[in-house]
Amino acid sequence: MPDTPAALELRDVAKSFGPVRALRSGSLRVEAGSIHALVGENGAGKSTLVKIVAGLYRRDAGDYLLSGEHVDFRNTADAKQAGVAVIYQEPTLFPDLSVTENIFMGRQPTNRWGRIDRAAMRTEVVELFARLGVPIEPDRPTEGLSIADQQLIEIAKALSLDARVLIMDEPTAALSGNEVDRLMTVARTLRDQGCAVVFISHRFDEVFALCDTITVMRDGAYISTDAISEVTEDEIVQRLVGREVSDLYPKLEATVGKPLLEVKGLTRTGLFQDISLTVREGEIVGLAGLVGAGRSEVAQAIFGVDPYESGEVVLDGRPVPPGDPRRAIEMGLAFVPEDRRQHGLVLDAPISRNITLPTSGRLARTGLINSAIENRSAADWAARLEVKAATLDTLAGTLSGGNQQKVVLAKWLSTRPKVLIIDEPTRGIDVGTKSEVHRLLSTLAQEGLGILMISSELPEVLGMADRVIVLSEGHQTAELSREEATPEAVMRAATAHHSTTLNVSEAS
Amino acid sequence: MTTTLDAPAPAAPQPRHRAANRLTWLLKQRETGIAVAFILLLVVTTAVNPNFLFSTDGWRDLTLTPAILVCLAIGQAMVIITRNVDLSVGSTLGLTAYLAGRLFLDTGLPVIVVVLIAVAAGAVLGLINGALVAFAKVPALVITLGTLYVYRGIMLEWAGSDRINASDIPPGLLDFGTGSFLFIPNLAWISFALLAVVIYLMRSTRVGREFYAIGSDPDAATLYGLRDKRRVLQAFATSGALAGLAGILYVSRYGTISSGVGQGIELEAVGAAVVGGVAIFGGSGTVLGAALGAYLLVTINRALPILGIPDFWQQAVVGALIIGAIVLDRYFARRQHDKLLAEREDS
């Protein structure tokens, strides 16, 4: 119905963060009384779009209309006032405050003297919960509530706001089957009451069961919108990935040798179950999956930063003790974490100090670290990795993302590892430096290093990995050889429910 | 409305247990524990030396001495609840006390005008703290440690080795500072009135609840669209204004103002808040608890000599009390957390 304005409409909305264009051209049109699916790979720009709608970010360009009227929100309070409510994947509530207070914070009913009317608040919450069929005690603090209950509180909040537009950003990612059903029931109720619901999810079974319309985004831009009855899951998957694996990924042939890292049945309840994988000499193994699938948790457990309950890790024939990263480093394991600024680098220290940090014990012959020795040792690695900086005394914090990553790599390579675990090797790095990092990884593999690479970027996984292991919700859902690993196959496994393990092929 | 949502409504609380519930609620409150500790301390010390409570001086000291610290502890509690801290209150107290003294000495302004100027000056000093914390995004610990020295430095530069004596202060103010009404010292009445106002503010107004929200989870506060910068400014300005008022109370009580006035009292204020159950990471605790904490700390300091604890150990006892309070806090928080998790499993 083009004559009635849509409840929510975005046209060619753009947003950049510095040089990074998170959203190039986002468009979305959601009618009242509809549940609209918004799908896209990680990094497709969905979250940025949602945050613009929520008033958390301000768009750089494009139109934003609510019921046909142009709006421009300066903060989330403005957006709420206009009837836009957002439920995030990880609900953000105040743990110390009561459920009731969380629902009304910032807009509590007050009398003439500014006194908060607690009784009125409580009555309304009891009514809301009755409407939602939720048995949550209104006076208890939100601390300790399950994510599902916290989301229901967010929904109750949206209801009490009389939200016309409700956006659910991957609400089911952390929910169990029953909880998902309850959430879907609530979403349908809201739709029937005339609310425009946007449902973001990677689970196609839910999308097809719940939504009536679907919009696909890719690489920060709008791709398509269709009625759900007129598209198939396969068509959607194709549109999601729809791009060629470019020659960004200079994969070199390497001779694959003996197994170096063997992980058997690694389990930590609630995070990952029964993960088994092998990384051989000269091999790059990709660990793929959606955000929240448990990839980083597995990597951290292997390295010993996080605990695990059962399973074992063997490096070059010797068991790696759990929970002892120091020992893991000594045995030849290196770990480049996802957030290099927080965990991988001392930003206030010079490049040389950063590179020599893990080997400083070896370098300090007399118990003192001498900066001449430090510089000499660091210079080799910095040169090999082509770190672009005026001198080795440059502070690490002032380098570009790509060069920081090279410093982190240099730091770990100086420990002469046998296996390198690298989490999101090119996140936040510009395209040119990306391929340098890729070439580097490729060269290292050629020299016999085993690499376990976690990446949310599908092209990167497909372009670099000899083998791809896919996780979904903490379960290993596929192990694909380089030939088998098509974008569709990986996406399918990454969105699978763990009960339906897909086509596990042995690649040895 | 669809018919899909016909689950039973949540059960209403049982009215017949209300009185019993009230009692268990009261017993569970942190404030009750501190009040009990305070009373125990009074009973034990009075048993050792009845003059502690039952002499004119004893009673006066008991009620009068904590008044100044109570003012500071109230402000400190507000700031800590927003997940900040204000270490500059001792210097603010000193600076405003000296400012008031100078105004009495150099101008003939009426007392009430001087009081208002001192409070306003404290608020401005607090606003400077708040602005630096809210806009420069530097942790409050660092900012207020800096302004602790800056404000004290200004006072030292200004006062030099001068000191203001009781003879320079209007006698009316001094009489007020040592006088009482209905057996309770005037200064204590002031601190009670303040306490009542702030308790109301923190419990029953949006501003107060938003202080708790911001301290409980600053990121959530942003997502909720709360005006967090403004609230942080308000908390610091209030703390500063209360320190300014405390400066005046100091003048009215002691009369003499040297450049060392208020040195170290900021730590007592933080200690009072912590002992009183205000979580150092914000979001929970009450100003009533902080005020009780102030009473407990001041009274312990006076009781220990009577109980025969050597001088040397008195500071250590206060320190042990603060650490004990924090350990107890962690323990209760942990138990509460486990209990809430367990309830969730049951449901």
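How many residues of chain A are in contact with how many residues of chain B? In this predicted model, local features need pLDDT of at least 70 and side-chain atom pairs count only at pLDDT 80 or more, while totals for chains, interfaces and linings use all residues. Residues are numbered from 1 along each chain as its sequence is written, and chains are lettered from A in the order in which they are written.

Contact is made by 34 residues of chain A with 28 residues of chain B (two residues are in contact if their C-beta atoms, placed from the backbone, lie within 7 Å). On the side of chain A that touches chain B, two or more residues each come from helices H2 (76-81), H4 (118-132) and H6 (177-192) of chain A; helices (H or I, at least four residues) and strands (E, at least two) are DSSP runs, numbered from the N terminus. H4(A) supplies the largest share, five residues. By class, this side of chain A holds 15 nonpolar, 12 polar and seven charged residues (nonpolar: Ala, Val, Leu, Ile, Met, Phe, Trp, Tyr, Cys and Pro; charged: Asp, Glu, Lys and Arg; polar: the others, Gly among them).

Chain B contains 16 helices and two strands. Of its 347 residues, 43% count as buried (20 or more other C-beta atoms within 10 Å of the residue's own; exposed, 12 or fewer; partly exposed, in between; C-beta atoms placed from the backbone).

Most residues other than glycine have a negative phi. Phe183(B), in the loop between strands E1 (180-181) and E2 (184-185) of chain B, has a positive phi near 70°. Phe183(B) is exposed, with 9 other C-beta atoms within 10 Å. Asp316(A) also has a positive phi, about 50°.
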